[in-house]
Amino acid sequence: MAEPDEAPRKGFGLKRGGKSKLQERLDKQASREGSTIRKALGASAVAALVMGGGYASLQLAEGSGFALPRMTTLTGGAEPGVGTAEAPIAAVALNATPTEAVPSPDVAATEGATLYARGVQLIDNGDDSGLEALKRAANLGYGPAQMRLAGLYQEGGAGLTPDPVEARAWARRAAEGGEARAMHYYAMQLYDGEGGARNRVEALSWLKKAAEAGRVDSQYNVARLYEKGDEGVAANATEAFKWYMIAARRGDQQALAAVQRLTPVTSAETRRVAREAADAFTVEPLA
């Protein structure tokens, strides 16, 4: 059962209204260049969207060859840019270490989901005894439970000292298990060097996986990294324009502004190749 997205700017290591180091750096750079683009890198809305059957009549910028499609959600109920609120992460005294045992997918999906629901209910009601159920669900391989533990370790409180190493370990395990939210979270930990070594190349790799799974924030971040380049990441105008278009078509206003901003300064050939790639984009189902 898919876990609903958390509210905008909540989770993934960010305080409500806060920004990651990546965003602070990109914002400063954009400000120096006269750009007003701003983007939150938290767990905002739309976990998986697919392009609808037709395009709206609105043309974004002359020469861009880009129009907004009608959008269809895989799960329904979410508007572009608006998350479905999840119960807030409660910080709980915890000392859980990921294990290497890998249960069957059926066990993780059924028993794990049951344990997770029980643990979360208790924890959210202030009963720390729910921690044991949450840990068991996480060790069974249930992704939402692993993400919840990552959040608990990230925030600390209620007797738990924040432990970014443990937070990163659980985020990585959830990402490797196919949780798109965790892929985004883990990518930002890699980018900032939080809880372990900094690795911008690997961060981009995980952001691309999340982007391909339909995460709009990840699509935007991939575009930003390709636009500017970074440590070990070569700037790529075609990839930047493509990913901005993909995110904009899914309702991301900052991506739309980026398409408009870049259209006059991007070659017609680059726009053509990027547009064709964006047109061919489909959300990749996660294993």
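Tyr186 counts as buried, because its relative accessibility is 2%; buried means under 20% relative accessible area, exposed over 50% and partly exposed in between, with a 1.4 Å probe and protein chains only. Trp206, at 10% relative accessibility, also counts as buried. The model is predicted: local features need pLDDT of at least 70, side-chain atom pairs count only at pLDDT 80 or more, and totals for chains, interfaces and linings use all residues. Residues are numbered from 1 along each chain as its sequence is written, and side-chain values use heavy atoms, without hydrogens and water.

The structure holds four aromatic pairs. Rings of Phe, Tyr and Trp (its six-membered ring) pair if their centres lie within 6.5 Å; planes under 30 degrees apart count as stacked, over 60 as edge-to-face and the rest as tilted. One of the pairs is Tyr186 with Trp206, whose ring centres are 5.7 Å apart and whose planes meet at 75 degrees, so the pair is edge-to-face. Tyr186 belongs to helix α6 (residues 180–192) and Trp206 to helix α7 (residues 200–212), so that distant parts of the chain, 20 residues apart, are linked. Helices (H or I, at least four residues) and strands (E, at least two) are DSSP runs, numbered from the N terminus.

Tyr220 and Tyr244 form another edge-to-face pair, because their planes lie at 65 degrees, with centres 5.7 Å apart. This pair ties helix α8 (residues 216–228), which holds Tyr220, to helix α9, which holds Tyr244, across 24 residues in sequence. Tyr220 is buried at 0% relative accessibility. Tyr244 is buried at 0% as well.

Charges also sit over rings (NZ of Lys or CZ of Arg within 6 Å of the ring centre and within 35 degrees of the ring normal). The charged end of Arg200 is 3.7 Å from the centre of the Tyr191 ring. Lys209 lies over the face of Trp206, 4.0 Å from the ring centre.

The largest nonpolar core has 61 residues, of which Leu134, Trp243 and Tyr244 touch the most other members. Such a core is a set of buried Ala, Val, Leu, Ile, Met, Phe, Trp, Tyr and Cys residues joined through side-chain atoms within 4.5 Å. Beyond four places in sequence, Leu134 touches residues including Leu115, Tyr116, Ile123 and Leu149.

Mean pLDDT (the predictor's confidence in each residue, from 0 to 100) is 72, with 61% of residues at 70 or more.

Notes: Contact = heavy atoms within 4.5 Å.
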